[in-house]
There are 2 protein chains.
Amino acid sequence: MTCTTTPDLDRIAEELTAILGPQGVLTAPGEPYDRDSSPFTAAPDIVALPETTEQVSRIVRLASRLGFALIPRGAGTGTAGGCLPLSGGVVISLERMKRIITLDTRSLYAHVEAGVITGELRDAAAGQGLFFPPDPASLDTSTIGGNVATNAGGPACVKYGVMRDYVLGVEAVMPDGEVIQAGVRTRKGVVGYDMAHLLTGSEGTLGIITSVYLKLIPLPPATVGLAAVFPSLPDAMRTVAAVLGRGHLPSAIEFLDHKCLGLVGDKLPFSVEDKSASLLIIELDGRTEAITPEIDMVAAICTEHGATHLMPGGTRKERDTIWNVRREVSTRIREHAARSFSEDVVVPIGSIASFIAEVPDFENRFGLDIFAFGHAGDGNIHLILTVPRAARPDTQAPRLEDGIEAVARRVLELGGTISGEHGVGEAKKHLLPLEIAPASLRLQRGIKQLFDPCNIMNPGKVFP
Amino acid sequence: MTCTTTPDLDRIAEELTAILGPQGVLTAPGEPYDRDSSPFTAAPDIVALPETTEQVSRIVRLASRLGFALIPRGAGTGTAGGCLPLSGGVVISLERMKRIITLDTRSLYAHVEAGVITGELRDAAAGQGLFFPPDPASLDTSTIGGNVATNAGGPACVKYGVMRDYVLGVEAVMPDGEVIQAGVRTRKGVVGYDMAHLLTGSEGTLGIITSVYLKLIPLPPATVGLAAVFPSLPDAMRTVAAVLGRGHLPSAIEFLDHKCLGLVGDKLPFSVEDKSASLLIIELDGRTEAITPEIDMVAAICTEHGATHLMPGGTRKERDTIWNVRREVSTRIREHAARSFSEDVVVPIGSIASFIAEVPDFENRFGLDIFAFGHAGDGNIHLILTVPRAARPDTQAPRLEDGIEAVARRVLELGGTISGEHGVGEAKKHLLPLEIAPASLRLQRGIKQLFDPCNIMNPGKVFP
């Protein structure tokens with residue numbers, strides 16, 4: 001097929017206006033469309049704001065006919081630059097497609113448009129006694145479409161899995177403008193290739209997700225938790241192994257390393273003197289009469305493994321206090337750093353402690369301050385590599401990019417992955433070949449070429 | 001690229017022997033390689049029995065060079081004919097690749113070869129306090145490779161999902177002989193396209209799965225259950241809705257319709273007079289002190305919804321009694337039928353009762369006896385369409401194939417799928433276009449062509 005390109009922005013804007021009306025086209029867009037939660041910025045030429053799948057299809061056909069790049073965008077909370085027009089083009093924001101089309105309490109699924117805020121779906125489901133478990137940190141602002149496009153995860157993964165595990169089916173506009181229904185709306189289905197999960201995590205490079213069928217489950221009636229301080233991270237991780245090994249399946253197991261704990265120690269209701277102390281946050285959900293005794297058993301396991309302080313999390317207020325400690329970490333790190341990069345590497349759970357024991361070595365080699373916290377129940381570590389505001393006099397000049405690559409290489413040696421829930425986008429595409437071998441990369445590029453022969457769909461992302 | 005074909009079986013056998021030795025090649029194979037659990041049979045020209053991924057790779061390169069079809073086979077328990085050489089070719093049986101390579105109790109995953117029996121992995125995991133939930137009926141004979149290739153499910157789906165939800169990563173030999181590592185071995189990962197889940201459910205048409213990384217979870221310490229007889233299937237299904245709606249998440253919810261119950265009524269410890277009575281089997285797993293009171297609550301919900309008989313399932317022996325009733329159904333149906341077809345359609349859970357209410361109409365229109373049982377918690381219905389041994393005098397001549405197609409069309413109208421866990425294989429490929437629209441089918445065929453340009457990998461399956 002022949003691919004064209006039109007650099008004529010006036011004509012593109014005019015034809016988009018014919019589809020969307022003047023309210024649906026921004027021709028001098030600035031904030032927020034020029035940024036996401038990554039370090040990158042790029043102003044779009046034009047922003048298109050469709051309200052229906054049919055409009056999305058017409059926009060894609062236009063892009064295909066005239067030859068311009070389309071960059072799908074949810075709420076711009078991504079941390080990898082995936083929704084930014086780094087090589088120019090039209091940003092297609094799904095923000096106006098925010099209907100919860102179906103919330104089926106008998107068949108336990110929801111059908112929602114891509115622009116629905118994930119937390120709003122979660123609340124709507126809870127209002128009907130149902131549960132939508134995926135809980136990325138950006139829950140209250142990010143969209144279902146973006147979460148599916150990046151296969152987002154969160155603390156609930158240890159018990160409930162990630163977004164992919166809740167995607168039953170996907171409606172998407174493919175690069176030729178065709179609307180496809182991929183997957184099913186039932187809990188099982190194996191008819192043809194799994195197109196719904198191929199689109200999940202494809203970061204807008206294969207098609208534009210316009211609506212999603214999502215699995216819902218019965219709402220656990222209650223949640224309880226606790227936070228525990230341990231003398232060291234290895235103590236904390238031995239506790240995690242013991243909790244899981246004795247048949248408990250928490251709905252969250254989060255950790256803060258000693259450096260993070262040092263930053264937010266003042267938020268704790270007690271003082272922690274030990275500079276190597278680390279924190280675990282554990283939650284259980286289920287029926288009150290089941291989890292009330294169970295959290296006591298978990299607390300006993302913590303004590304048995306050397307916990308020096310326990311914070312109860314039996315009430316909503318107590319749980320909020322605990323999570324506020326966890327949430328404060330990112331803010332404090334940002335205050336501390338001149339420049340930083342937020343990793344979301346994953347290592348096998350059993351290797352978390354030994355991997356984090358190597359962090360001081362990375363700090364020294366690359367002149368960085370590195371903070372580690374994250375999901376102890378699934379190995380997904382938020383490793384924040386920072387260039388300190390005051391350079392450390394005892395080390396060489398900071399080399400952030402080299403540090404990022406060294407961490408990636410080490411994670412892969414341990415059997416991990418370079419991104420657990422953020423995706424590749426722009427930020428990690430140079431690292432992709434470290435993880436994906438040539439034979440697989442060739443097939444993946446082949447799929448991209450097959451679906452999007454003129455490379456109009458989020459071009460330049462994911463693959464180097 | 002140029003594709004060749006070699007009809008010279010002697011040469012193929014000779015070259016295979018050079019790779020596998022004489023013990024690894026069967027040149028006059030009969031049972032069991034000529035059949036699976038479908039109505040189809042086809043004798044392979046040759047059976048190859050590799051023991052390593054490297055041998056599989058060499059066989060695939062040979063097939064590619066000489067041009068012959070390769071049909072991957074697990075244990076031959078499939079019900080769709082997917083592993084049969086219906087257009088000739090070499091069956092490549094993974095039965096000798098049966099090592100559990102890793103069972104990592106700290107990082108909660110297993111790495112197993114494709115030929116491992118699923119039940120053996122389940123037992124090995126349980127021995128270490130871990131749980132591998134997927135439980136197809138063929139658990140004790142089918143293989144992980146076959147289960148992944150068909151994305152198998154089972155009763156546990158309602159709480160635990162299907163095979164896909166446990167596949168972290170896949171090692172596969174692609175049609176060019178390259179070995180790829182798809183996916184990860186951790187619980188999260190979003191780096192490039194989701195090749196692991198594209199291979200899952202692809203029924204051996206894109207590559208040969210040689211080993212799989214599987215998620216394990218903590219073993220629930222106990223399981224309890226009950227069976228309850230209801231005056232009608234709608235009563236039973238209202239009970240299912242109430243159980244889920246009140247925050248209970250059973251590890252199995254199975255049903256038998258009145259015709260199935262009629263066949264196995266003598267296996268029950270009480271007599272059921274009501275000809276329209278239906279049976280529910282419900283199980284809960286978790287900590288003993290949690291599920292013992294909870295099963296009483298579930299029993300109370302059953303009684304509240306009109307249950308006329310309750311069978312307790314608190315002990316292993318009682319649970320076995322209950323499941324023996326369920327298992328006996330298939331045997332009795334086979335005895336009853338001259339010819340039958342086992343459907344595994346899925347309808348939204350909320351539509352199960354109304355769909356099954358239409359069964360008598362299908363029976364009359366097509367002169368069939370139809371039995372319904374299956375997974376009430378996920379909508380996956382085993383609808384056994386049978387040609388009775390004694391044709392019903394009041395109806396027209398049996399038309400099995402027409403009945404199958406009519407059921408498929410109706411299921412799709414209800415928002416369901418034509419296969420929940422068996423796959424398409426040979427049996428349903430003529431029905432595939434009813435479910436998959438042309439735009440999606442074109443992309444799926446494109447993926448097949450991209451991966452397997454000479455169509456050597458299980459040719460003729462899945463796509464019509």
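Cys3(B) is partly exposed, at 40% relative accessibility; here buried means under 20% relative accessible area, exposed over 50%, and partly exposed in between (1.4 Å probe, protein chains only). This is a predicted model, in which local features need pLDDT of at least 70, side-chain atom pairs count only at pLDDT 80 or more, and totals for chains, interfaces and linings use all residues. Residues are numbered from 1 along each chain as its sequence is written, chains are lettered from A, and side-chain values use heavy atoms, with hydrogens and water left out.

Cys3(B) forms a disulfide (a pair of cysteine sulfur atoms within 2.5 Å) with Cys454(B), at an S to S distance of 1.8 Å. Cys3(B) lies in the segment before α1 (9–20) of chain B and Cys454(B) in the segment after α15 (438–451), 451 residues apart; helices are DSSP runs of H or I, at least four residues, numbered from the N terminus. The link is left-handed, with -85° about the S-S bond. Cys454(B) is partly exposed, with a relative accessible area of 22%.

## Disulfide in chain A

Two disulfides are found over all chains. In chain A, Cys3(A) is joined to Cys454(A), with S to S 1.9 Å. The torsion about this S-S bond is about -85°, so the disulfide is left-handed. Cys3(A) is partly exposed at 39% relative accessibility, and Cys454(A) is partly exposed at 22%.

Cys260(B) is in no disulfide, and the nearest cysteine sulfur, that of Cys302(B), is 19 Å away. Cys260(B) is buried, with a relative accessible area of 0%.

Methods. Helix = DSSP H or I, 4+ residues; strand = E, 2+ residues; numbered from the N terminus.
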